[in-house]
Amino acid sequence: MGILEIHNLSKDYSGTVVLNDFSLDVVELTLCCLLGPNGAGKTTTMDMITGRQKPSSGRILLNDNDITGLDEHEIARRGIGRKFQVPAVFKDLTVRQNLEVAYSRQTSPFKNMFRFRDPGMERKLDEVATQVGLTQRLAIEAGTLSHGETQWLEIGMVLMQDPQILLMDEPAAGMTEQEIDKTSRMFNELKKTKTLVVVEHDMAFVREIADVVTVMHMGAHLATGSIDQIEANARVREVYLGSEEH
Amino acid sequence: MFKSNPYHNKTAQWVVYVLFFGALAFVPVLSDDAFMMNQFATYGVFGMLALSISLCWGFGGILNLGQGIAFGLGAYGMAMTMQMQSQDPETSPMPPFMLNNSVEQLPLMWEPFWHTGWGIFIALAVPTLFCVIFGTIMFRARVSGPFFAIMSLAMLSAWYTIILDSQPFTNGVNGISPPAPLSIGGFEIDPYSGFIYWMVLFLLAAMTLIIKLITTSKFGLIVQAVRADSERVRFLGYSVSYYETVIYAVSGFIAAIAGCCWVVAVQYVSPAQLDVSFSISMVIWAGIGGRMSLLGSIIGAFMIQGGQSYLGDEFLATWLLILGGFFIFVVRFLPKGLAGLLESGLGLLVAKPAAERESAPGPVAGAKVQG
Ligand SMILES: Nc1ncnc2c1ncn2[C@@H]1O[C@H](COP(=O)(O)OP(=O)(O)OP(=O)(O)O)[C@@H](O)[C@H]1O
Ligand SMILES: [Mg+2]
């Protein structure tokens, strides 16, 4: 029984089928990599899990509770955090403010009106800033960060939320070798306490972090297994031929 | 030379706010012209409206062209309260205009206004409740930007028509002019006195400082994030529509207070207070003064309304043209209004470290949520 279960998810946009009877079980405290060629439906799957899109059919269970069709903020409050494929940070705010906003234990506007200093948040912020290596960059505007740093900032924001499950859409895209190394160490540390679903195209990175790999193709489930099993899988090879990335 | 722009210095901002209102408090000491006190009190009311627009539009990013609804409803509530103070259950239970409209009995919706406390409560609660309901419907459906502006404008026109057409209850186009000033617990608020000026100024200052404080709280930070990218904020666990509704309703509450003060000062209300052009003027005050700055917006209202009364007599015909032209100029060249001009002016005084001057900011990463 997974902590996050996706049952027979389908989605079509006025006739174009994007997800087709896709199912996935994510086991607690593991890191599951979601692979697939461009347009396979990985991001769409995350949109469904986080409530950004409503599925045409199928169910999504979190800790055995049905979360299908809930609003984005309700799903986030239940413990699912998400990093977007195109890093989405608040460019005009400082790095520190980005992390502060993401600390969302208290979501009521009225209670937040009287919140000026929050020692619990300060402690968490120090911890997360160290984890993602941005302690020296807290005072600058997020828009001036390098691409890799922006990725880390958004990962940091997800960590500030302290979710049970972290969905990471291409977290290492645009990173240098060293940055990727650092990120994979970070993820291996994280999965001791969190459950992660990571979409990634970089196979070396996937090899470093994945406990289990699921491959999607044209909106459907293609294969699940260890990275070695997947790389040996004939159907996966066939799908990736000619569309291999990086 | 400064290390960073003093415009953004929190302490400096508080000092300026306190000095500004402190200085204004001395005006009645310098002049005892009762007519002027009354006129300045109405400017204070315009200041409150500009404050409410600055909160909603500048700070919250919600362009509201229908602020006249909350203002007008608040004003009608206060006018009804004051009118009923002049009525007597035994001898004259009904306002004279109703008799002229051959209404037989005091309409039910007028009954609570016998009691001054209830009357004022309703004058503030009804507009706020309206904003909560209308805001919830709009923001839940994710209506935003120009679409919300249009909806608020349409709503305003609807209210205007309802009030205009309910002649027996509202006296239609003639409006309500209570015969006596408001009296609270035996104390009569003389609309031509230093007291009314101080009362309005006190309320304006108190509300401005409270809103200023709130903008520096965690709530303020979340709203800033909503303004930058509301889509992203949802995934952090905040209900964007809830935050938007709260801002819209608080802003409406301030406008309702302004409406009450308006009637206390001028002893008059009519559908003109819900006229589209008046609500648009409020936006123009904030736009010219600087909608991102509470104080800038308030000063914008003072300047434009002051200009209108003092210059307007000479330029009466051309005043609207001058105003319109000025507004276009500001929108085009000073998107943050006169407060923004001050901001960039003070920015020139900042000593930049050599290194920073050389290198431009790094590649701008991050974009709106796309996938
Ligand atoms: N709103 C939409 N309307 C129509 N088609 C859409 C919409 N959103 C996504 N799609 C289509 O759904 C398919 C799956 O897209 P998705 O973004 O999930 O792929 P992906 O696996 O994340 O790909 P990539 O590796 O390029 O990020 C694509 O073919 C895309 O064009
Ligand atoms: Mg994608």
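## Chain A: make-up and dimensions

Chain A holds 10 helices and 10 strands (DSSP runs numbered from the N terminus: H or I of at least four residues for helices, E of at least two for strands). This is a predicted model, in which local features need pLDDT of at least 70, side-chain atom pairs count only at pLDDT 80 or more, and totals for chains, interfaces and linings use all residues. Residues are numbered from 1 along each chain as its sequence is written, chains are lettered from A, and side-chain values use heavy atoms, without hydrogens and water.

Because a compact globule of 246 residues would have a radius of gyration near 18 Å, the 18 Å of chain A agrees with that rule (C-alpha atoms; 2.2 Å times the number of residues to the power 0.38). Along the principal axes, the C-alpha atoms of chain A fill a box of roughly 55 × 40 × 35 Å.

In chain A, 56% of the 246 residues count as buried (under 20% relative accessible area, with exposed over 50% and partly exposed in between; 1.4 Å probe, protein chains only). Of the chain A contacts (heavy atoms within 4.5 Å) between residues at least 6 apart in sequence, 67% join residues at least 24 apart.

## Helix α12 of chain B

Helix α12(B) covers residues 276–289; its 14 residues should span 20 Å at 1.5 Å a residue, and its end C-alpha atoms are 20 Å apart, which agrees (the expected span is 1.5 Å times one less than the number of residues).

Of the 14 residues in α12(B), 10 are buried, including Phe278(B), Met282(B) and Trp285(B). Gly290(B) follows α12(B) and has a positive phi, near 120°.
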